[in-house]
Amino acid sequence: MARSRLVMWLGVFRLSARQLQQRWLENTLIVVGIALGVGVLTTGQALVSFQTAGLVALVAQEIPDWRAVSVRPVRIDVSSQFFGQESLPAVPVSEQVLGEPVQPTLEDLLAVREEVPGVALATVEYGARSATVVAVEGAPLPGPGQPALHLQTVTPDEFAFRGLRFSAGGPFTWDDLLAGRAVLVLEESGARRLFPHLTPEEVIGRTVTEASGTTGTRWQVVGVTEPGGLLTRVMLSQGVDMVLGYVPAASQPWLAPEGGGGAPDPRSTTFNTVYFAPENEALIPQLVAGVEAYFNQKYGPGSVDVRNPQAQREEALAWLRPAVLGILVLAGLGLLIAAINILNLFTARVLRRQRIIGTSMALGATRALIFFQTAGEALFLGLVGSLLGLAVATGLIDILRAVLIQQQGDGSEIVAEIYALFRLGFDDGLLGLAAGMLVSLIFGIYPALLGSRQDPVEALRVE
Amino acid sequence: MSAFWIRLRRNWFRNVLAMGQVALAIAAVTAVLADVVPVLRARSADEQSAFTVRFGVREGFAASWVSIFTPEDAAWLREEARSVAAATWYRTEFASAIQVDGQRYLVRGHGVVDAGFPDVVGLTLAAGSFFTPADLQGDVPRVGLVSQQLARVVFGTTDVIGRTINVRPAEEARVLQGFGTGVDAVAVLASPGLDVEIIGVFNPPPGVPYLGFPSMGPMEILLPATSEAVGPQNEGELMVVAELGMEQALPEEVRTLLAARIAGRPEATRPIEGRMPEIVVDRDVSLQSLREARLQGSLLLGAMGVAALAVSGIAMFTTTLANLAQRTRYIGLSRALGATRLRVVWEAVAESALIAGLGGAGGILLAYPLRRWVLAGLMQGLASTPVKAVDVVIVAVAGVFFAMAVGAVAAVYPAWMVARLTPAEAWREGRL
């Protein structure tokens, strides 16, 4: 019984193969159409994946609001209201905002870091100081020119937050920050610029003197970091003679009088925004609750704006969704048109084969067999077309990547590195393959039903 | 023609599907074309070029600018420079605060401007008038202009001439946005502000979301460049518009004239970061260049539309193949009675072009909902070009043309295959 069933299906397979061969031109065109449709759809899906996952992940590294719980004074968020889809020229100000704004202090930062469970790192919205390097180790700088020194004022946790690794030394400590010490961490290329004949380890302990206007400071190097994130690399690739460094936030030795007497208490320093990175993403809701509880207790309910990074990411992705929908619909149109071709041609084919179908039924073929034969042919063409479409997609993605890089105007490594994320992923390929086969099957169902529901007697009468 | 309709009705399912396929493809192509055609048409129109004039040092993307120019410099340039059609001194404040009838508002921005401003930006007045020389010569601004959009939001009407707004200090906007580190917020919020009477209501130039787009900064309120508004530091910028045909000569002439004029000013002799500052004249980002840059984004969408069109061409090919296969006996008979191969090809191509053309017409109608509801997220932007009736006609005609071209090209090969058969071969059913 099993053997005769196998023989029957083999026969059906051979019959389908012969019939597909007879109409080779039509079938080739169906396959080409599906290949083009799947190729464009898969390319569109890969582009969407690149924008929503790849680029977003890359940007998230540079936007602390997307990775950590942020605390800032209650304020009006103008960006979405002034420049969004439904932009307004003016927004009314509520009474709550008119009160004296509460700005988180360094003391708040330290307290939350110590007391609220789930806090891994505490950082601030970094400030910046621009100055000129006037001396190293007390002597004029070797080499031509005086490089600009761009100092970011950060907390010791900033280095771990950004994933910065040290090629020598280490970060300054919270004690350094609270004591207002003039300590400095240099970025590697800056260390090479200022100390061209020294290894990073040999730079530790050296001093760098900078000046801006009438103020200046002598900093002691405590660490040298490896090249940083995307934004840092973009900044340093502008061809400007610049050294990047990190100094403790809230310690402003260029403001302190000689001898240190009378300097402001660093703990009372306020920040526009402070960030608390969670130990893991699952703890974020509890962390938000803990931070809110601290500030509500100290300053009153609703005194500060505490934001959940997951909600911030979701808000950013929501902006992208209409564009994603547009790309996918446009990319899917080609596949839809190709699939309608299957419906068109297979319906005509079934009508042409009425006598053959009638004969088959008269000789014992079941309706199910007729149905699966036609549906199977459609699925087969869909499979072949989809596989070919994945090859088309690979080529289209390479072309599109080259066009996108060329549109950026330069061939810098950073641009190439970003667009290297735009490739055919396994998920994208699987989606294209599945879409091609599913659409072919769906549009092959009607002709299959049409063929299988014929009356054999009527079918045999057809000329 | 009647034979065409008879054949169309006989194979209505197949032909309707083919029309639908072409309609989908043409809808995609014309939805994208509707963005491209207005920009290409606007490109041909004469547009005056604007230039920003700054003073400072620049190296790569890093620049340090010094405020040195005054409204008088702009007025002097208007008189003296042959290549300058219009010149203005202006300053913008992003996110400024105002108070009206006890309610505070955070406004998208305001500008302090001089007499040459309307000519440079193409300002159009919906009501009232621009500043008079007396308004510009005062100490503090006492009058102002507001945008129609702002008038509607704040007053609920655009009939606001004679009304008063209280312009708050710049620090207040920063405090309200939460950037008030080191600012005495209580004192700032309690300050009296500046009462300004509205003497005019303006609209931004056509096609832009607000005055100042794309490069000046948003301006919903305009204040006159009085001495106190300009301030002791002259913190503002110069912008000039070139006479038509003199865009190449303008930078050099402006640099030469202004260099001589500012030579004695203290800021002109003070080095910045070890280098002597100089006058830098740059072509401003024009709306047209922004729109053309946006077109690059439409390239991807256009490519997808073209891919869909190619697939619809394959659909027309197979449809024509199937239609001709059904008529080989008729074709054989026609050939036996003297019809030439060319006539057979022409009939088949014309029929396919007509079917595709009908599909294209349907696609034009589909393009609007596709653009409105599906592609809106991709198409909308701050630099959208206004679509005129002539653009709609051009896009519609182009859509139908593309559809008919695809149908005609797709039918050539099947038509030629059938036309090559001898009458005897064609007479035998299923020869094709």
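In the predicted model, A:Val185 of chain A stands opposite A:Gly223 in strand β10(A). Residues are numbered from 1 along each chain as its sequence is written, with chains lettered from A and ligands numbered from 1 in the order in which they are written.

Strand β8 (residues 183-187) of chain A and strand β10 (residues 215-225) of chain A pair in the parallel sense over five bridges; two strands are taken to pair if DSSP finds at least two bridges between them. Helices (H or I, at least four residues) and strands (E, at least two) are DSSP runs numbered from the N terminus. β8(A) is also joined by two bridges to strand β11 (residues 242-248) of chain A, and these two strands run antiparallel. Here A:Leu186 stands opposite A:Gly245 in β11(A). Five of the five residues of β8(A) are buried, so the strand is largely enclosed by the rest of the structure. A residue is buried if 20 or more other C-beta atoms lie within 10 Å of its own, exposed if 12 or fewer, and partly exposed in between, with C-beta atoms placed from the backbone. Burial applies to both faces of β8(A), with A:Val183, A:Val185 and A:Glu187 on one side and A:Leu184 and A:Leu186 on the other.

A further set of four strands in chain A forms an open antiparallel sheet in the order β3-β12-β1-β13. Its edge strands, each pairing on one side only, are β3 (119-124) and β13 (304-307) of chain A. The twist from one strand to the next averages 20 degrees; axes are lines fitted to C-alpha atoms, for helices over the stretch in contact, and angles run from 0 to 180 degrees between N-to-C directions. Helix α5 (residues 106-115) of chain A packs on this sheet, touching β3 and β12 of chain A, and its direction makes about 170 degrees with that of β3(A). Strand β1 (residues 69-73) of chain A pairs with strand β12 (residues 274-278) of chain A in the antiparallel sense over three bridges, and A:Val69 has A:Phe276 as its bridge partner in β12(A).

Chain A as a whole has 17 helices and 13 strands. Its radius of gyration, taken over C-alpha atoms, is 33 Å, whereas a compact globule of 463 residues would have a value near 23 Å by the rule of 2.2 Å times the number of residues to the power 0.38. The C-alpha trace of chain A spans about 110 × 55 × 50 Å along its principal axes. Buried residues make up 39% of the 463 residues in chain A.

An automatic or database assignment supplies the domain bounds, giving domain 1 (2-61 + 314-461) and domain 2 (106-313) of chain A. The C-alpha centres of these domains lie 54 Å apart. Their contact takes nine residues from domain 1 of chain A and nine residues from domain 2 of chain A, contact being defined by C-beta atoms, placed from the backbone, that lie within 7 Å.

Between the chains, the contact takes 61 residues from chain B and 55 residues from chain A. On the chain B side, the largest share, 16 residues, comes from α12(B). Three bridges join strand β2 (residues 90-92) of chain A to β4(B), the two running antiparallel. The bridge partner of A:Ala90 in β4(B) is B:Val107.

Conventions
Predicted model: local features only at pLDDT ≥ 70, side-chain atom pairs only at ≥ 80, totals over all residues. Contact = placed C-beta atoms within 7 Å.
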